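Visitor: I would like to learn how to read a sheet, a core and a single side chain. Please show me the model.

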Amino acid sequence: MMDNYKPYAYLYKHVSEPAWLKSCFVVMIPAGEKLVLRTGDPSLIGDKVLIRYSIAEDSSQTQRRQEYCENQFSWNGNDYEVEVVVGDGNSPGSGRTTIKSQDAELD
């Protein structure tokens, strides 16, 4: 059984106008919990785009499941790191992953 929220992520980029990046990820969620996108995310801090999800209780979720999430946002063509963080990203029961925009797949 998976004991954390390590996301498996991939990134798409659309280079013609309007340019955008789209972060997609899948993650296993235990029963009784759900993901909530943090207010203001995706957010740009320096050359890093942060997409952070908090873990919240949800008694309506009665089974462990795989969830798919995506976030699309405008892009100016600069090189960025896109970091997906679930929970605090560091402790057991959380996870993070980072993909560079230059490694993104063309849409």
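Visitor: What is the strand order in the open sheet of four strands?

Guide: First, the ground rules. This is a predicted model, where local features need pLDDT of at least 70, side-chain atom pairs count only at pLDDT 80 or more, and totals for chains, interfaces and linings use all residues. Residues are numbered from 1 along each chain as its sequence is written, and side-chain values use heavy atoms, without hydrogens and water. Strands are DSSP runs (E, at least two residues), numbered from the N terminus. Two of them pair if DSSP finds at least two bridges between them. Here the order is E6-E2-E1-E9, with mixed pairing. E6 (65-74) and E9 (105-106) have a single partner strand each, so one side of each lacks a neighbour in the sheet.

Visitor: In which sense do E2 and E6 pair?

Guide: Antiparallel, over 10 bridges; E2 covers residues 20-29. Trp-20 sits opposite Ser-74 of E6.

Visitor: Which residues have the most contacts inside the largest nonpolar core?

Guide: A nonpolar core joins buried Ala, Val, Leu, Ile, Met, Phe, Trp, Tyr and Cys residues through side-chain atoms within 4.5 Å. Buried means under 20% relative accessible area (1.4 Å probe, protein chains only). This core has 21 residues, and Phe-25, Leu-35, Ile-51 and Val-82 lead in contacts inside it. E2 gives the most, four residues.

Visitor: Is His-14 buried or exposed?

Guide: His-14, in strand E1, is buried, at 18% relative accessible area. Its side chain makes a polar contact (N or O atoms within 3.5 Å, one able to donate a hydrogen and the other to accept it; residues adjacent in sequence count only if both atoms are side-chain atoms) with the side chain of Ser-16, at 3.2 Å.

Conventions: Buried means under 20% relative accessible area, exposed over 50%, partly exposed in between (1.4 Å probe, protein chains only).
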